[in-house]
Amino acid sequence: MSLFDWFANRQKTEPAIQPRPEREIADGLWTKCSQCGVLAYTKDLQANQMVCLECGHHMRTNSHERIQQLIDPQTWTPLYEGVQPIDPLNFRDRKAYTDRLREMQAKTGLTDAVQTGTGTIDGLPVALGVMDFRFMGGSMGSVVGEKLCRLIEYGSHEGLTVVIICASGGARMQEGMLSLMQMAKISGALERHQAAGLLYIPVLTHPTTGGVTASFAMLGDIILAEPGATIGFAGRRVIEQTLREKLPEDFQTSEYLLQCGFVDAIVPRTQLQKTLASLIRLHQPGSPPSAEPPPSDSNSQHHSPDTHAHLLPPTPQS
Ligand SMILES: [Zn+2]
């Protein structure tokens, strides 16, 4: 037997080295943190609201989980679930927009990129909108705009605090102008909500960009953000190329925006429910801080809530 044949025989008889089974990771039993690389038991992570137990990195979470994290059990009532997307421009890129929508609906169990409804947070009633990044990058089309607009109007009518959890890549290009006009439409509804002396709190999560940042994400009475979230309008590269300047490392993060005054507080996800409850409670009529008359020389950036507005009958909305 030649040396060559001997090697050939050996390769046939010896079992090939089996790759280590990665079934457990594929099954979702374990989740790897993209920040520190530590593997965590997914159930433990879920119990900690998808915040890494090792480094505190906030992993992505969907709208169903968000509602569970924030709203008291058995108090969630979904609103406007019948608002369905259509394809007004007959848009097609690599795929027809209608096919894309159908696929996303099957994958996420949602009709579009936002869930809206009412419920209580620590016993306090709120109107809550939660965007879902899984649905076409949380892009804002006519359905997102319409559902949020109706939610805000419902909140104004019923005298409820409105909370919107933002997660979006921006306006939905497949609907062109119709998605861009949602920015103004939602801003108008928020203006009327504010005129009624009611509270609106947006929570900016990773990522909040484009048309959402340019409208309702930045129009809150109090703007909260999750740690390490990317928040911006245009992308970093576009700005660098336009300005011909190198931007700081932490540019467009929650932390950078807090420093610059765009965000009022960074709240870890595990503290969000408690923080929202405190803010809503402070804003309620008769609570100690609002019982004091507002100082006349106040130059606060935020609007002092008009506590008497709560006592007036709600203005019917058209
Ligand atoms: Zn980690």
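## Start in the core

Select L148, C166 and L204: of the 53 residues in the largest nonpolar core, these touch the most other members. A nonpolar core here is a set of buried Ala, Val, Leu, Ile, Met, Phe, Trp, Tyr and Cys residues joined through C-beta atoms within 7 Å. A residue counts as buried if 20 or more other C-beta atoms lie within 10 Å of its own, as exposed if 12 or fewer do, and as partly exposed in between, with C-beta atoms placed from the backbone. The elements that give two or more residues to this core are β4, β5, α6, β6, α7 (177-195), β7 (200-208), β8 (224-225) and α11 (269-283). In soluble globular proteins, nonpolar side chains tend to be buried together.

Before moving on, note that this is a predicted model, in which local features need pLDDT of at least 70, side-chain atom pairs count only at pLDDT 80 or more, and totals for chains, interfaces and linings use all residues. Residues are numbered from 1 along each chain as its sequence is written.

Now stay on C166 and show its surroundings. Leaving out residues up to four places away in sequence, C166 touches M131, P202, V203, L204, T205, T208, V212 and A217. Contact means that the C-beta atoms of two residues, placed from the backbone, lie within 7 Å.

## Zoom out

Switch to a cartoon of the whole protein, which has 12 helices and nine strands. Of the 318 residues, 34% count as buried. Among contacts between residues at least 6 apart in sequence, 67% join residues at least 24 apart.

Next, colour by pLDDT, the predictor's confidence in each residue, from 0 to 100. The average is 88, and 84% of the residues score at least 70. Select residues 290-318: there pLDDT stays under 50, and the model has 31 contacts beyond four places in sequence for this stretch. Where pLDDT is low, the predicted coordinates should not be read in detail.

## Walk across the sheet

Select the strands of the open seven-stranded sheet, whose order is β3-β4-β5-β6-β7-β8-β9, with mixed pairing. Its edge strands are β3 (77-78) and β9 (265-266), each pairing on one side only. Two strands pair if DSSP finds at least two bridges between them.

- **β3 to β4:** this pair is antiparallel over two bridges; select T77 and you will find T118 of β4 opposite.
- **β4 to β5:** eight bridges join these antiparallel strands, and T116 has G129 in β5 as its bridge partner. The two strands form a hairpin with two residues between them, and D122 in the turn has a positive phi of about 50°.
- **β5 to β6:** residues 124-131 and 161-168 run parallel, joined by five bridges. Here A127 has V162 in β6 as its bridge partner.
- **β6 to β7:** six bridges join this parallel pair, with V163 opposite I201 in β7.

Nine of its nine residues are buried, so β7 is largely enclosed by the rest of the structure. P207 is found in this strand, and a cis peptide bond with omega of about -15° joins H206 and P207.

## Helices and loops

Which strands does helix α6 lie across? Select residues 142-158: α6 lies across β4 (114-121), β5 and β6, running at about 25° to β4. Axes are lines fitted to C-alpha atoms, for helices over the stretch in contact, and angles run from 0 to 180 degrees between N-to-C directions.

For a contrast in setting, go to helix α9 (residues 236-243). Of its eight residues, the number buried is zero, so α9 lies largely in the open. R244 follows α9 and has a positive phi, near 55°.

Finish with two loop residues. N90 sits in the loop between β3 and α5, and its phi is near 55°, a positive value in a residue other than glycine. M136, in the loop between β5 and α6, has a positive phi near 45°. Is each one buried or exposed? N90 is exposed, with 8 other C-beta atoms within 10 Å, whereas M136 is buried, with 24.

Technical notes. Helix = DSSP H or I, 4+ residues; strand = E, 2+ residues; numbered from the N terminus.
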